[in-house]
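Hi everyone, thanks for coming. Please take a look at the structure on the screen, and I'll walk you through some of its features.

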Amino acid sequence: MALRLISPDGTQSFDLRDGVPLTVGRAPTCDLPVFDPTISRRHAELVVDGGSLRVKDLGSSNGTFVNGARIEQANVAVDDLVSFGKVPFRLTTFDSPKVQHTTPVPSAGATIVRQIPMRDSNAGLQALGAPPTAPGGLTRVGMLPPTTSVADKNQQKLATLLEVSKGLTRAVDVDTILDKIVDYAYQTLEVDRVAILLVDAHGDLAPKISRDKRGGDAPRAVPQSIARKAVAEKIAMLSDNAGEDTRFGGQSILMQQVRSAICAPLIGSEDKVLGVLYVDNPSITHRFSDEDLEFLVAFAGIAAVAIENSQFAERIRRESLVRSNFERYFAPQLAARIAGSPEALRLGGDKRPVAVLFSDIRGFTALSETMNPDDMATLLTEYFTEMVECVFRHGGTLDKFIGDAVMAQWGAPIGNTDDADQAMAAALEMIAELKKLNIRWISEGRPTLHIGIGLNYGEVFAGNIGSERRLEFTVIGDTVNTASRLCGAAAADEILISDEMCKALSSSPAVDECPPMELKNKSQPVKVFRVRHE
């Protein structure tokens with residue numbers, strides 16, 4: 001007696017094979033797909049063992065129940081009610097027809113006709129047995145002159161592969177490549193359905209494209225038992241009756257009435273599986289041949305190279321974008337060093353000595369009240385552009401803009417022995433460049449700006465702070481707070497530096513010692529110096 005799950009209204013039923021793990025879930029790639037919002041994408045796993053059913057919940061949101069009791073794992077008896085979320089099924093039995101053979105030769109429909117190890121990337125080309133030279137006059141895949149000899153057919157297939165290779169190398173993105181692969185498959189093979197699944201970041205096979213000549217509201221799911229075997233064993237497989245093939249299990253094969261099927265893994269460099277290429281036919285009159293399998297193996301090899309190259313190009317594009325984003329905050333030479341570091345985007349950080357600079361516009365609030373928003377935005381853009389260039393010219397890092405204030409630092413994530421001197425030089429240049437801006441703005445009849453600058457040197461915590469979704473590289477600590485307080489205390493066009501900053505300079509500019517300052521959150525007055533400049 002075989003086991004079957006059947007819904008109370010009889011509209012859904014699943015025959016369960018002995019010893020074959022089956023996945024129940026909302027995802028169309030599950031062995032037992034049940035499309036209900038209360039069912040998780042991968043809801044539960046079922047295993048029939050010796051006439052009994054074992055059910056294991058896969059961490060579903062709405063739970064798995066046996067006779068109304070929620071379970072994580074349980075054995076289910078005949079007539080028990082099993083519910084996945086809010087969808088119930090009753091376990092029943094039915095008479096399974098036994099296949100009797102009068103000879104020791106198994107039925108052709110119950111065996112894998114052939115399988116090819118895919119670790120040998122040349123397996124398909126070698127099997128075709130002809131040099132990869134296109135016959136004269138071939139201009140389009142699928143438009144081949146009718147021939148009868150095996151040699152001519154092999155020549156045609158090799159010519160087709162050459163055209164496929166050319167076509168795929170001209171595609172630039174993965175989606176375009178996948179579309180072309182499907183088009184070529186339909187042009188060269190007698191197939192009902194073509195599908196491609198790619199391995200996602202979690203190592204699971206995710207459907208990327210599926211086309212079905214029979215149409216329908218939604219594409220049929222690729223039988224997972226076939227796809228998983230192709231990936232796990234890295235073999236291309238041909239079966240002329242997948243539903244009866246003893247290598248496979250899964251209700252989806254029977255539900256979709258899959259007859260002849262070929263599944264080939266897409267294997268890239270370093271023997272890495274990128275996904276699978278799958279084709280099938282439901283009709284018994286259109287069975288795939290050994291030649292079809294060999295052709296699809298070679299086809300899959302070319303497709304894998306094209307997909308991997310496209311993924312590599314996309315990775316280069318993303319890295320270039322990351323580097324360009326780095327260059328918004330770091331000096332170009334520093335951005336190049338950071339982009340080349342595999343730890344550049346790691347959460348966390350470390351303690352390190354840095355020089356911190358704060359600059360702030362004096363009287364900005366009053367000035368903003370007298371200007372319209374567009375004029376103020378233009379003025380600030382010109383001002384920030386020059387200030388940031390001063391920071392970058394001296395190898396500093398733009399930490400952030402805080403309203404009309406600029407925060408920059410030298411020493412993180414990569415430090416140099418002259419960080420304090422470079423920060424000091426940047427501060428002096430910021431004052432000088434602002435004077436030039438003011439001269440131009442006066443000639444244009446526009447308002448002028450004046451800034452105060454504070455500098456400090458000391459140990460900070462430096463690193464990427466935030467969440468996995470959004471990170472911000474910054475420095476935090478008392479050294480940063482003191483630099484901010486000094487900036488707040490500076491008068492217009494004045495640079496104030498701490499005693500620690502002064503000591504860190506290898507060649508200090510002319511300074512005047514100020515009276516010790518009482519700074520917020522400091523228990524003792526802070527020794528401060530005013531930098532002389534023209």
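**A walk through the chain**

Buried here means under 20% relative accessible area, exposed means over 50%, and partly exposed is in between, with a 1.4 Å probe and protein chains only. Please keep in mind that this is a predicted model, in which local features need pLDDT of at least 70 and side-chain atom pairs count only at pLDDT 80 or more, while totals for chains, interfaces and linings use all residues. Residues are numbered from 1 along each chain as its sequence is written, and side-chain values use heavy atoms, with hydrogens and water left out.

The chain has 12 helices and 25 strands. Helices (H or I, at least four residues) and strands (E, at least two) are DSSP runs, numbered from the N terminus. Now for contacts, meaning heavy atoms within 4.5 Å. Among contacts with a separation of 6 or more, 61% are between residues 24 or more positions apart.

Next, the nonpolar cores. A nonpolar core is a set of buried Ala, Val, Leu, Ile, Met, Phe, Trp, Tyr and Cys residues joined through side-chain atoms within 4.5 Å. How many residues does the largest one have? It has 41, and Tyr383, Met424, Ile453, Leu455, Ile495, Ile497 and Met501 are those with the most contacts inside it. Take Met501: leaving aside neighbours within four places in sequence, its contacts are Ala355, Ala420, Ala423, Met424, Leu455, Asn456 and Tyr457. There is also a second, separate core of 31 residues, and Leu198, Leu277, Val297 and Ala306 are included in it.

Now look at Ala504, in helix α12 (residues 499-504). Is Ala504 buried or partly exposed? Its relative accessibility is 27%, so Ala504 counts as partly exposed. Not counting residues up to four places away in sequence, Ala504 touches Ala420 and Tyr457. Asn456 is 48 residues away from Ala504 along the chain, and their C-alpha atoms are separated by 9.5 Å.

On to the aromatic rings. There are five aromatic pairs in the structure. Rings of Phe, Tyr and Trp (its six-membered ring) pair if their centres lie within 6.5 Å; planes under 30 degrees apart count as stacked, over 60 as edge-to-face and the rest as tilted. Why is the pair of Phe295 and Phe299 called tilted? Because their planes are at 40°, with the ring centres 6.1 Å apart. These two residues are four apart in helix α6 (residues 290-329), which means about one helical turn separates them. Phe295 is buried at 2% relative accessible area, and Phe299 is buried at 0%.

Phe384 and Phe401 have ring centres 4.4 Å apart and planes at 45°, so this pair is tilted. Phe384 sits in helix α9 (residues 373-393) and Phe401 in strand β19 (residues 397-402), so the pair ties together parts 17 residues apart in sequence. Phe384 is buried, at 13% relative accessible area, whereas Phe401 is partly exposed, at 40%.

One aromatic cluster is formed by Phe14, Phe84 and Phe89. And over the face of Phe94 lies Arg4, 4.0 Å from the ring centre. For a charge to sit over a ring, NZ of Lys or CZ of Arg must be within 6 Å of the ring centre and within 35 degrees of the ring normal.

Now a bit of backbone. Most residues other than glycine have a negative phi, and most peptide bonds are trans. Where is Asp79? Asp79 is in the loop between β9 (73-76) and β10 (81-84), and its phi is positive, near 80°. Lys234 also has a positive phi, near 50°, and is found in the loop between α4 (224-233) and β15 (235-239). Lys234 is buried, with a relative accessible area of 15%. As for peptide bonds, the one from Ala412 to Pro413 is cis, with omega near 5°. Pro413 is in the loop between β20 (405-410) and α10.

Finally, how many disulfides does the structure hold? Zero, where a disulfide is a pair of cysteine sulfur atoms within 2.5 Å. Two cysteines to find on the screen are Cys487, buried at 4% relative accessibility, and Cys502, buried at 17% relative accessible area.
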